[in-house]
Amino acid sequence: MTPRLDLISIVTADMAAALAFYRRLGLDLPDGAEGEPHVEAALPGGFRVAWDTVETVRSLDPGWTPPQGGHRSALAFRCDDPAEVDKVYAELTAAGYRSHREPWDAFWGQRYAVVLDPDGNPTDLFAPLPS
């Protein structure tokens, strides 16, 4: 048997704020989960994403500290087209989420933008550019 990637976990200082952000990006998250120490959501295809509070992580790993000096991972959300990248970016930043990089046409052929989630994790928005 070969191990298979099944879940990505995000540590959050504020579960309610994190879930509100990811709901805006279309993730189906359980109602009333804002007060839970661990929350999971199944994605299409069976892959899962989870959030754990800082307290939960420290209960499992008492020496855990948040990364310093930059991020080590990011989630990327594919949009239907370049206009949707601009639209979702505008909606998130209008709702008060911090921009990390305004939409631009990347040299690798995608419209791209980066918004920070409530914990400062970069969240990429992208769509293929027309040929």
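1. Thr53 sits in strand S3. Strands are DSSP runs of E with at least two residues, helices are runs of H or I with at least four, and both are numbered from the N terminus. Setting aside neighbours within four places in sequence, Thr53 is in contact with Val11, Thr12, Met15, Glu36 and Pro37, where contact means heavy atoms within 4.5 Å.

2. A quick word on what you're looking at. This is a predicted model, in which local features need pLDDT of at least 70 and side-chain atom pairs count only at pLDDT 80 or more, while totals for chains, interfaces and linings use all residues. Residues are numbered from 1 along each chain as its sequence is written, and side-chain values use heavy atoms, with hydrogens and water left out.

3. Now the whole protein. It has three helices and seven strands, and from the N terminus on they run β-α-β-β-α-β-α-β-β-β. The C-alpha trace spans about 50 × 40 × 35 Å along its principal axes. Of the 131 residues, 36% count as buried. Take the contacts with a separation of 6 or more: residues 24 or more positions apart account for 50% of them. The protein exposes about 8200 Å², and carbon and sulfur atoms supply 52% of that; the areas come from the Shrake-Rupley method with a 1.4 Å probe, and for residues only the protein chains shown count as cover.

4. Which residues have the most contacts inside the largest nonpolar core? They are Tyr22, Leu25, Trp51, Leu92 and Leu125, in a core of 26 residues. At least two core residues come from each of helix H1 (15-24), strands S2 (38-42), S3 (48-53) and S4 (75-78), helix H3 (82-94), and strands S6 (110-116) and S7 (122-128). H1 gives the largest share, five residues. Apart from this core lies another one of five residues, including Trp104, Tyr112, Val114 and Phe126. By the way, a nonpolar core is a set of buried Ala, Val, Leu, Ile, Met, Phe, Trp, Tyr and Cys residues joined through side-chain atoms within 4.5 Å.

5. Have a look around Trp51. Leaving out neighbours within four places in sequence, Trp51 is in contact with Ile10, Thr12, Met15, Ala18, Leu19, Tyr22, Leu27, Leu29, Pro37, His38, Val39 and Ala41.

6. An α-helix has 3.6 residues a turn, so residues three or four places apart point the same way. At the N-terminal end, Asp14 caps H1, with a side-chain oxygen 3.2 Å from the backbone nitrogen of Ala16. Just after H1, Gly26 takes a positive phi of about 95°.

7. How many salt bridges does the structure hold? Seven, counting a side-chain nitrogen of Lys or Arg within 4 Å of a carboxyl oxygen of Asp or Glu. In one of these, Arg48 pairs with Asp6, the closest N and O atoms being 2.3 Å apart. Arg48 lies in strand S3 and Asp6 in the segment before strand S1 (7-12), so the pair ties together parts 42 residues apart in sequence. Arg48 is partly exposed at 27% relative accessibility, and Asp6 is partly exposed at 23%. Arg4, Asp6, Glu40 and Arg48 are linked in a network of salt bridges.

8. Two further pairs to find on screen. Glu34 forms a salt bridge with Arg23, the closest N and O atoms being 2.6 Å apart. Glu34 is in the loop between H1 and S2 and Arg23 is in helix H1, eleven residues apart. Then there is Arg111 with Asp86, whose closest N and O atoms are 2.9 Å apart. Arg111 lies in strand S6 and Asp86 in helix H3, so this pair ties together parts 25 residues apart in sequence. Is Arg111 buried or exposed? Arg111 counts as buried at 17% relative accessibility, whereas Asp86, at 30%, counts as partly exposed.

Methods. Buried < 20%, exposed > 50% of the residue type's maximum accessible area, 1.4 Å probe, protein only. Polar contact = N/O pair within 3.5 Å; in protein donor to acceptor, adjacent residues only side chain to side chain.
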